[in-house]
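I opened the notebook to look up how this protein is put together. I wanted to start with the cores and then move on to the sheet.

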Amino acid sequence: MKKILIALALVPFGLWGVAALPELLAGAPGFWNWRRALITGSGILSLWWMSGAIVLAVRPAWLERALGGLDRLYKIHKTIGITTGCLVFAHWMLEWLPKNLARQGWIEAPRRGPRPPEEWWLGLAKDAGEWAGYLLLGLVVIALVRRIPYRYFRLLHKAFGLLFMAGAFHGLVLLPTDFWQQPVGWASAAVAVLGVIAALWSLAGRIGRNRRHPARVESVDHHPDNVIRVRCRPLAGWPGHRAGQFVLANFGDIAEGPHPFTIASGWNADDGTLTLAIKALGDYTGKLTQSLQAGHIVTLEGPYGNFTFDSQRSATSQVWIAGGIGITPFLARLNELAESDRNEAGAVDLFYSTRTEEAGFPEELPALCAAAGVRLHHRVTARDGQLGVDEIAACLPADGGIWFCGPAAWGKALGKQLQEIGAAASGFHAEAFEFR
């Protein structure tokens, strides 16, 4: 991810530097000349980053594979979106703040001669960019404030395509004329065209359409700790899935749209069903666990994700770590191992952490681990305390790999601690399941 973000910053910044700095430094650059150049530079950066965000939002399959799965793609999309908000804010401040400070007499105003009449399209571009900037900053705030329900975030987020086209119009029209004779102008125009195509694709509702499949809910089983297990039968076109993958499931709520849920079962074409494990973690999932019934028709989009244990299937040993509902992808893999050659994954230790003894899910987990040849370590944090890295490292040979699914903050801290002690030489794989 760092390489992508660095490239997305250095390429447009470098092109702007080649175009703007020689002339600026050859003269007598003062505060106002630097301000004008930086307004242009921050605008170009904003355009490139907005385009990157919306191209990622349409989640092209080739890009998903290159980035390591949809969860990784959305993580980069989120980072780019937040950074874009910061760039747009800086661009706005460079334009607004010095000008208003000069009006108040706090700094010396620039010396300018009479200005020629402004063409109408220049005024339109300025107004479009200003309002698009305000709305974009509002979207960033809504995305970061978790108390705002997801349904509002989703509906407002869909407007980003229109905001991008307004911002692209603003940026290209106001780009200095001499920039169009240099690579920075040509490259920025090409980047804007890619973004506009992605924006139109999004506004037309085409994102993920080819991967949507209707399915019927066969059964809904309620478990302790506010968890339901939903068995679905795809009605047509389901390509099959691999253990550890997830779907975007739409249960018919127009405002909510699809939500990500990890598949809790392996794929058996003869059976033709898949299972989702859903825990009431918020308003939407809380209502869903109470209202969903057998016979409901749902839409499954996917499968997505690369949390599929592939890179470590030939390793001597693996360690799996699950927290709460994070046990879901491991259930699918356990089912696969139980029905096939259990030596396929080598030795496996599963650390499953729950708050209390009664909070465990599912109840058949010990028997399933025994059938799959996986050693189960059930950690009850209220009784045993937090799982320590030394316990994990003790089960992991030098060439082993670690797979984690659970609370994001715990996974981040655990991964850092394991790297510090030299564990997980073959990698620490964590599902990045925070899509907002």
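Entry one, the cores. I'm working from a predicted model. I looked up the largest nonpolar core, and it holds 28 residues. Ile 44, Trp 49, Leu 56, Leu 70, Ile 80 and Phe 179 touch the most other members there. Next I checked which elements give two or more residues to this core, and I got helices H1 (2-26), H2 (31-57), H3 (61-67), H4 (70-103) and H8 (183-203), plus strand E3 (246-250). H2 gives the most, with 7 residues.

Leaving out residues up to four places away in sequence, Trp 49 touches Leu 5, Leu 8, Ala 9, Ile 80, Thr 83, Thr 84 and Leu 87. I also found another core lying apart from the largest one; this other core has 21 residues, including Ala 264, Ile 327, Leu 331 and Leu 350.

Entry two, the sheet. I traced 5 strands in an open sheet, ordered E9-E8-E7-E10-E11, with parallel pairing. Which strands stand at the edges? They are E9 (374-380) and E11 (428-430); each has a single partner strand, so one side of each has no neighbour in the sheet. From one strand to the next, the twist averages 15°.

I zoomed in on E8 (residues 347-354) and E9, which run parallel and are joined by 7 bridges. Thr 354 has Val 380 in E9 as its bridge partner.

Entry three, helices on the sheet. H10 (residues 328-339) lies across E7 (317-323), E8, E9 and E10 (401-405), at about 140° to E7. H11 (residues 365-372) lies across E8 and E9, and I noted about 155° to E9.

Notes: Residues are numbered from 1 along each chain as its sequence is written. This is a predicted model: local features need pLDDT of at least 70, side-chain atom pairs count only at pLDDT 80 or more; totals for chains, interfaces and linings use all residues. Side-chain values use heavy atoms; hydrogens and water are left out. Two strands pair if DSSP finds at least two bridges between them. Helices (H or I, at least four residues) and strands (E, at least two) are DSSP runs, numbered from the N terminus. Axes are lines fitted to C-alpha atoms, for helices over the stretch in contact, and angles run from 0 to 180 degrees between N-to-C directions. Contact means heavy atoms within 4.5 Å. A nonpolar core is a set of buried Ala, Val, Leu, Ile, Met, Phe, Trp, Tyr and Cys residues joined through side-chain atoms within 4.5 Å. Buried means under 20% relative accessible area, exposed over 50%, partly exposed in between (1.4 Å probe, protein chains only).
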